[in-house]
Amino acid sequence: MEKKKVAVPLVCHGHSRPVVDLFYSSITPDGFFLISASKDTTPMLRNGETGDWIGTFEGHKGAVWSSCLDAKALRAASASADFSAKLWDALTGDELHSFEHKHIVRACAFSEDTHHLLTGGVEKILRIFDLNRLDAAPREVDNSPGSIRTVAWLQGDQTILSSCTDANGVRLWDLRSGKIVQTLETKSPVTSAEVSHDGRYITTADGSTVKFWDSNHFGLVKSYNMPCNVESASLEPKNGNKFIAGGEDMWVHVFDFHTGEELGCNKGHHGPVHCVRFAPAGESYASGSEDGTIRIWQTSPVIREESDPVPVNAPNPKVKAVADEVNRKLQTLQTGKEGNTP
């Protein structure tokens with residue numbers, strides 16, 4: 001009997017509860033990074049290429065629903081069920097500030113210029129915090145029709161988008177007026193909204209549908225029905241010719257952007273897939289699951305026979321380079337601290 005060939009992911013352990021959000025940084029002089037949010041209260045930072053663990057952000061007292069990195073991957077932010085959003089130093093892991101809310105915070109996002117942090121949650125209020133004045137009261141944009149699930153910035157930080165847990169569609173807010181200027185209509189609540197790296201498209205997942213919208217004029221460009229209910233979708237950033245989706249069937253599906261044809265299906269998770277995201281150059285993508293693992297898949301996959309064991313944290317020639325990079329950053333920090341000693 002012929003053995004079936006399957007893709008081999010890098011399997012990243014570390015979280016003790018479901019992984020509910022993933023975010024890749026842009027490419028920096030030190031490479032690119034992946035931050036994960038989990039119900040175990042501790043966001044984790046990894047090397048985006050190898051999946052190697054770099055550090056854990058400790059301080060939340062409830063499930064973390066969202067996490068992100070700023071443009072240079074120097075600071076991280078997280079949104080939690082402990083009624084707070086936190087700002088972190090991504091090099092040291094130190095908590096820089098805690099932004100208190102009155103209910104569960106479900107989403108957070110840095111502005112493109114990195115000067116502001118946007119949050120949203122069960123309070124139905126979008127808050128914009130000035131990161132140059134951490135103790136200043138935030139700007140509040142309310143009138144959201146439901147509990148906020150996702151947030152993002154677009155159009156040079158002039159517009160923000162949000163979707164709700166209990167209301168269909170995506171709302172686009174003009175920051176100058178604080179008003180909703182457009183609603184992207186969907187048949188189910190939107191569980192994932194991603195602005196493409198080039199700013200051209202908004203990718204949404206609602207129920208068993210993935211949609212692509214023009215992020216300038218907000219018209220619907222493509223809409224595809226999925227084989228199951230999907231919770232997350234992501235567009236390949238370099239060529240924009242394929243997209244991924246993950247959901248309740250525990251698989252990560254790969255589709256052709258232009259036709260909607262399914263190109264591949266990656267199996268390996270042991271629970272529903274809550275989040276999928278492409279790496280910034282499109283050579284790989286990550287999935288996070290109810291099973292507590294993150295899996296990093298190659299866009300041009302490594303193939304093995306189905307009966308072969310799956311490598312976990314397989315030796316990788318890049319690991320030493322990552323360790324050297326982290327050691328160099330730590331030495332720089334220690335040197336800086338010694339220089340500040342009175």
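Colleague: Where does Ser-162 sit?

Modeller: Ser-162 lies in strand E16, residues 159-164, where strands are DSSP runs of E with at least two residues, helices are runs of H or I with at least four, and both are numbered from the N terminus. This is a predicted model, in which local features need pLDDT of at least 70 and side-chain atom pairs count only at pLDDT 80 or more, while totals for chains, interfaces and linings use all residues. Residues are numbered from 1 along each chain as its sequence is written, and side-chain values use heavy atoms, with hydrogens and water left out.

Colleague: Is Ser-162 buried or exposed?

Modeller: Ser-162 counts as buried because its relative accessibility is 0%; buried means under 20% relative accessible area, exposed over 50%, and partly exposed in between, with a 1.4 Å probe and protein chains only.

Colleague: And what does Ser-162 touch?

Modeller: Leaving aside residues up to four places away in sequence, Ser-162 touches Leu-126, Ile-148, Thr-150, Val-151, Gly-169, Val-170, Arg-171 and Trp-173, a contact being heavy atoms within 4.5 Å. Trp-173 is 11 residues from Ser-162 along the chain, and their C-alpha atoms are 8.2 Å apart.

Colleague: Switching to the whole chain, how many helices and strands are there?

Modeller: The chain has 1 helix and 29 strands, and buried residues make up 52% of its 342 residues. Among contacts with a separation of 6 or more, 43% join residues 24 or more positions apart.

Colleague: Which residues touch the most other members of the largest nonpolar core?

Modeller: They are Val-210, Phe-212, Met-226, Val-230, Phe-243 and Ala-245, in a core of 14 residues; such a core is a set of buried Ala, Val, Leu, Ile, Met, Phe, Trp, Tyr and Cys residues joined through side-chain atoms within 4.5 Å. Strands E19 (201-206), E20 (209-214), E22 (230-235) and E23 (242-247) each supply at least two residues of this core, and E22 gives the most, with 3 residues.

Colleague: What about Val-230, what does that touch?

Modeller: Beyond residues up to four places away in sequence, the contacts of Val-230 include Thr-191, Ala-205, Val-210 and Ala-245.

Colleague: Now the open sheet: what is the strand order?

Modeller: The order in this sheet of 4 strands is E3-E4-E5-E6, with antiparallel pairing, and two strands pair if DSSP finds at least two bridges between them. Strands E3 (19-24) and E6 (53-56) are the edges, each pairing on one side only.

Colleague: Which residue in E5 stands opposite Ile-35?

Modeller: That is Leu-45, and 4 bridges join strand E4 (residues 33-38) to strand E5 (residues 44-47).
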